[in-house]
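The following paragraphs lead through one structure, beginning with a single residue and ending with the contact between two chains.

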Amino acid sequence: MGFVVACCFLLVSPAPAGETRHVLVLYSNHRLLPANLEFEAGLRETLTDSTELSAEFLDYPRFDGEPYIRALALFLNEKYARRPPTVLVVGGEEALGFLLRHRAELFPQVPVVHAAVARSFLSSLPPLSADVVGVPIEYDFPGTIDLALRWHPQARRLVVVTGTSAQDHAWEAKLRGEISQFQGRVTVEFLVGLPTDAILKRLSELGSDAVVFTPGYFEDGVGRQFSPREAAQLMAAAAAAPMYGPFDTFIGTGIVGGSMPSFAAMGRQAGEIANALLAGVAPTALRLPAIMLPTAHADWRQVRRWGIDASAIPGDAVVRFKGPTFLEAHRNEAIMAAAVFLLQAGLIAWLLVERRRRRLANLAVQQQRFELAHAARLAVAGELTGAIAHEINQPLGAILSNADTADLLLTSGADRRDELRAILADIRRDDLRASAVIQRLRALLAKHAVERQPFDLNGAVREMEPVLQPEARRRGVALEVRPAATAVPLIGDRVQIQQVLLNLVLNALDAVNGLPEARRTVAVSVERDTDHVILVVHDRGHGITPEHLPKLFDSFFSTKRRGMGLGLSIARTLVEAHGGRIRAESGLGEGTVFRVEWPVARGAGTPEPA
Amino acid sequence: MTTLSPLIHVVDDDESLRTALLRLLDAAGFEARGYASTGDFLLQPPPDRPGCVLLDVRMPGPSGLDLQAALRCQSNPLPVVFLTGYADVAAGVRAMKAGAVDFLTKPVEREALFGALQRALDRDAAQRAAHAEAERLRAAFAALTPRERAVFDRIVAGQINKQIADALGIAERTVKLQRAQLMAKLSANSAAELGRLAERLQHLPD
């Protein structure tokens with residue numbers, strides 16, 4: 001620590017005393033008062049870089065009283081004895097008053113710049129010596145109130161809030177003096193010396209016919225200490241009516257605005273004077289404005305909130321929080337972000353479109369598979385037309401012949417009633433027979449929605465027998481159908497499974513085509529083990545050559561001259577759609593066995609024994 | 001022989017249809033007999049009487065076309081009318097080429113069926129008549145002596161009596177005599193008629 005001090009000393013002390021530019025600022029209030037911070041910012045930006053800046057705070061009104069003031073004067077005296085300031089800036093009336101009282105003992109030769117001192121305060125003092133200079137301010141209470149009434153022409157009540165400290169009372173007195181000019185325009189209500197809670201409650205109950213004016217307060221009715229800005233912030237948050245204040249520092253707390261000199265401007269003004277004095281300009285030679293002119297200030301957010309007509313805001317007004325728009329301030333970032341958003345949105349949209357497209361494509365594929373399966377059924381039916389026509393024409397032929405016979409018998413006049421009755425019975429039976437064939441055919445060929453229902457594989461196979469047997473007979477093949485001993489439950493689409501069977505049997509019939517009669521046999525059986533439901537189609541044909549076996553279920557693979565190569569491919573698709581698998585075992589010359597296996601349908605299972 | 005009434009053989013595996021057909025033929029005055037299969041028909045050789053076969057194409061075992069082929073091997077085949085459940089063009093062509101009278105599809109109109117059967121029976125009758133005529137001719141021809149046959153051959157070859165006599169080394173008068181004898185045996189009145197007879201003999205079925 002001692003080392004650091006020594007270093008500082010070594011660095012600073014060689015400089016000639018006359019060239020040391022040291023500005024001491026003495027503030028009335030404590031160091032964190034927003035007004036002080038803004039003032040110092042204005043001051044710093046104006047002072048030349050080489051200027052040393054010190055700051056002291058009276059901490060008024062938190063600390064007050066003769067002993068404190070004396071001790072403070074003593075402290076400053078001791079503190080700055082070795083490093084006296086070249087220029088002294090006093091901020092605020094209390095600081096100026098303090099300085100004037102203790103100047104002789106403290107800094108008698110140092111020129112003084114006063115700032116943030118009201119003209120009214122100056123006029124209450126004896127004339128200042130020539131080396132105490134500054135631009136007085138006017139806290140523009142009436143200007144602020146006037147502004148409020150102009151921006152809220154509908155207002156009928158003016159509510160004024162002040163506190164209980166000496167400064168608060170001074171402001172109240174000033175207000176009471178100045179308020180009379182508004183009496184005709186609005187009714188004025190003073191809220192003086194109330195507890196903060198009560199103030200907030202009152203403000204929250206105001207209607208749209210009121211505006212609030214407050215200089216804030218340092219102390220409320222129950223002695224709680226505030227900075228005026230804090231008080232203003234609390235009030236603005238609670239108030240149900242627009243609020244105005246005379247101080248620059250209130251902007252941002254939630255007040256709408258006011259007519260006020262800005263503390264930053266005061267700081268800049270003080271800095272300019274200090275610069276001139278430091279440059280050796282005689283205080284008397286300074287040409288200073290008579291006063292810091294107030295300007296209208298407004299918080300744009302509040303302007304919007306209270307619906308104030310923007311055209312009522314004067315052109316030279318300082319409008320805060322409007323600032324550059326987000327776009328103006330961050331144009332590049334905004335463009336980047338927008339680009340990223342756009343890209344992202346585009347990507348998302350593209351993905352969504354893709355997803356939708358894929359879903360549609362899936363649907364289309366499903367639909368196509370369904371159509372294809374149906375087309376395959378129709379094609380198979382084409383192969384079966386001979387057998388089917390035979391099956392239907394057989395009963396139709398019998399019916400027609402029987403009808404002709406009946407006609408002949410009736411024409412002959414012979415009484416052969418019994419024979420006629422037998423004929424009618426036969427006609428009836430054959431008619432039902434034909435209709436059953438058609439129904440089975442319709443069930444097989446109809447374009448039905450794919451079902452998922454439990455059914456008995458045994459039954460499904462038996463149903464196909466009347467379709468398959470005639471075809472087998474037509475081709476001179478012995479077709480044997482062996483259902484399982486008990487019902488074999490399976491879940492899915494009965495017709496599709498029948499289509500699989502049809503395909504396999506027609507293939508088998510093709511396989512034994514042209515062989516000696518003993519080998520022209522095809523066997524269909526339904527089997528069941530603990531885990532599987534099995535459909536077997538066995539022919540005693542030539543068999544499949546080993547190199548063809550792996551390609552058997554591929555689309556468009558066919559060894560037949562007229563084959564499309566879709567039958568087995570579709571059969572496999574249908575089998576797998578039912579969670580099963582299909583495979584072929586074949587030995588050359590020994591025929592082929594197609595085995596279709598499905599896992600046993602649990603739950604939907606075996607019919608309950610009654 | 002011609003006094004026998006025709007018999008229609010109905011071969012169809014479908015019992016219902018077969019019954020209906022037999023019933024219809026019976027009602028229409030035909031005499032008919034039913035068979036459930038080709039084999040059934042072949043196992044019961046039909047009596048030698050006029051008739052025809054009403055034949056289904058598709059049947060378990062040998063088909064109707066197989067039966068038609070088998071029938072054609074017989075000396076006096078029964079005409080066949082096919083009655084099929086499905087008008088398969090290939091089968092139809094095959095059947096007609098093989099000499100079927102008609103190729104009908106079920107269900108068949110009564111008139112069409114009776115018409116076809118009648119034509120079959122007519123053909124059978126004609127066949128039978130032609131067959132009988134040929135038999136008679138063959139028998140007459142068989143009754144010629146070797147010398148008469150030699151004379152016959154030369155007459156139809158266009159030789160005159162003198163040439164025949166020279167060729168055979170017999171008297172012209174003997175040729176004349178034998179010529180009169182063979183013309184009487186063959187019931188012919190002129191050389192031209194003999195020529196036609198020779199033509200027919202050459203084309204006689206076996």
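A:I179 lies in the loop that joins helix 7 (166-178) to strand 7 (187-192) of chain A; helices (H or I, at least four residues) and strands (E, at least two) are DSSP runs numbered from the N terminus. The model is predicted, so that local features need pLDDT of at least 70 and side-chain atom pairs pLDDT 80 or more, while totals for chains, interfaces and linings use all residues. Residues are numbered from 1 along each chain as its sequence is written, chains are lettered from A and ligands numbered from 1 in the order in which they are written, and side-chain values use heavy atoms, without hydrogens and water.

With a relative accessibility of 4%, A:I179 counts as buried, a term for values under 20% (1.4 Å probe, protein chains only). Leaving aside residues up to four places away in sequence, A:I179 touches A:I145, A:L158, A:V160, A:V188 and A:F190, where contact means heavy atoms within 4.5 Å. A:P142 is 37 residues from A:I179 in sequence, yet their C-alpha atoms are 7.0 Å apart.

Turning to the interface, 24 residues of chain B are in contact with 28 residues of chain A. In chain B, B:R23, B:R58 and B:R110 lose the most area to chain A, together 30% of what that side buries; buried area is the accessible area (1.4 Å probe) lost when two parts are put together, summed over both.

Four salt bridges cross the interface of chain B and chain A, each a side-chain nitrogen of Lys or Arg within 4 Å of a carboxyl oxygen of Asp or Glu. A:R416 and B:D26 form a salt bridge through their side chains, at 3.6 Å from N to O.

Terms used:
Buried < 20%, exposed > 50% of the residue type's maximum accessible area, 1.4 Å probe, protein only.
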